[in-house]
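Trainee: I would like to go through the labels on this model. Please set each value against its cut-off.

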Amino acid sequence: MRQFTLPDLGEGLEEAEIVTWYVNEGDHVVTDQPLVSVETDKAVVEIPAPSSGRIARLFGAKGDIVKVGAPLVEFAEDAGQDTGTIVGELDTGEQRPAPATASPTSGQGAQVFPAVRALARKLDVALDLVEATGPGGTITRADVERAAKRMSHSGPAEPLRGLRRAMAQRMTAAHAEIVPATVTDEADIDDWRQGEDVTIRLARAIAAACKAEPALNAWYHSGTGERRLIERIDLGIAVDTGGGLIVPVLRNVAERSVSDLRAGLDRLRADAIARAIPPEELRGATITLSNFGMIGGRFANLIIVPPQTAIVGAGRISERVVALRGQVAVRRTLPLSLTFDHRVVTGGEAARFLVVLKSDIERIS
C-alpha cells in the first residue's frame, strides 16, 4: 500500500476543505486523472492522481478539513509513501507570515464550580462564551442562565466553512500584524462622460498614484523587517460572490489599454463567481481595490492583507452640495478611502498618493 497526501497548495496554506470526490474506493485511476477538489481561502482546486493504480481507501468526506501532509488516498500498489507535490505554488522568494491565532474569549480561564459546570452542560452552553460576573472572575449560575437565554434566540452553532472560514483566518492574521491608518477624500466626477467605466478609471488612477508614491505598491515582511518596492502594478480587485469574498488579480494595469483591462476584469469576475478561477490568478497582488460603493457606504476603514501595504476603497457615487469656483453647486462625487500600513508607509506618502489618485479620477478623459 502507498498513501498520497494532501499536497502543498502554495502561499503558506496549511489546510483545505474537501468539496467533491471524483473517484470511489476500488476505482482504477491513471496519472493526472482528477481525484478530488478541495477549497482553500483562494479557490477550489482540483488535485490529480500522482500515478496510475487502484484506490484502496479514501480519507475524508465532503466538508472535512484536511491538513497539508495528511493522507488523501491509499493505493493498493506497494510503492512507498508519497509526500505530495506543490500545487500552483507562487515563489516570491519571501516567507509568508504564519497565521495568527484568535485571542481568548471572556470565559476562558475563569473559575467554575462543579455545579455550575454541570448546569452549563445541561443547557448546552459553552463556558468560554460566558461572561463571568462573580467574585474574582467566577462564572455563576446566573451567568450561565443569561448566556443560555441569549442563545435561545439564535440559530444553531455552525462551523465556518470554505471562504468564510478562510476569511476569518486571514482577517485575524491581518489584525494581529498590520498597523492600519486611513485617509479619505472625495473626487468630483460630475464632468465624466456618460457611461464612464468606474472600476477601470479607478484601476488606472491607482496605477498613476503608485507611480508617484511607490511605497504603497510594495510588500512588507515583518518577520525579516524587509520592504520590497514593486515596479509592476498587479491590482487585486475584491469580488463579492455571495458565498464570500474573492480577490482576483488584474495584472500590469499601468501598461494595458482600457478595453484590455475591461475584458480581463470581466473574465476574472466571471471565473471568481463560478469558483473556477485558477489559483495563480489569485496570487501576488501588490495593492488592492475594494469598490464597495457598488453595494453601499461612503467611507471605510479597510483591511490590508499581508504582505501588501495599502488598499483603496471607493464608496457610493452620489450628488453632493459643494463649493465650485466660489458658488454653491450640486455635483456627483466619488468617496475615496485609503488604508495603509503605517509601519512602512508614512502619512505624507499616503496623502500624496491620495492627491494623485483624486486628481487622476477627476481628469476629463
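Trainee: What makes the contact of D266 and R262 a salt bridge?

Mentor: The N to O distance is 2.7 Å. A salt bridge is a side-chain nitrogen of Lys or Arg within 4 Å of a carboxyl oxygen of Asp or Glu, so the pair qualifies. This is a predicted model: local features need pLDDT of at least 70, side-chain atom pairs count only at pLDDT 80 or more, and totals for chains, interfaces and linings use all residues. Residues are numbered from 1 along each chain as its sequence is written, and side-chain values use heavy atoms, with hydrogens and water left out.

Trainee: Where do D266 and R262 lie?

Mentor: Both sit in helix α5 (residues 258–273), four residues apart, about one turn of the helix. Helices (H or I, at least four residues) and strands (E, at least two) are DSSP runs, numbered from the N terminus.

Trainee: Why is D266 called partly exposed?

Mentor: Its relative accessibility is 39%. Buried means under 20% relative accessible area, exposed over 50%, partly exposed in between (1.4 Å probe, protein chains only). D266 therefore falls in between. R262, at 23%, is partly exposed too.

Trainee: How many salt bridges does a search of the whole structure find?

Mentor: It finds 22. One of them joins R331 and D190, with the closest N and O atoms 3.3 Å apart.

Trainee: Why does the pair of R331 and D190 tie together parts that are apart in sequence?

Mentor: R331 lies in strand β21 (residues 327–341), and D190 in the loop between β11 (180–188) and α4 (198–212), so the parts tied together are 141 residues apart in sequence. R331 is buried at 11%. D190 is partly exposed at 29%.

Trainee: What makes R352 and E213 a salt bridge?

Mentor: Their closest N and O atoms are 2.8 Å apart. R352 is in helix α6 (residues 347–362) and E213 in the loop between α4 and β12 (218–221), so this pair links parts 139 residues apart in sequence. R352 is partly exposed at 45%, whereas E213 is buried at 11%.

Trainee: How do you know that β2 and β4 pair?

Mentor: Two strands pair if DSSP finds at least two bridges between them. Strand β2 (residues 15–21) and strand β4 (residues 34–39) have four bridges, in the antiparallel sense. In β4, S37 is the bridge partner of T20.
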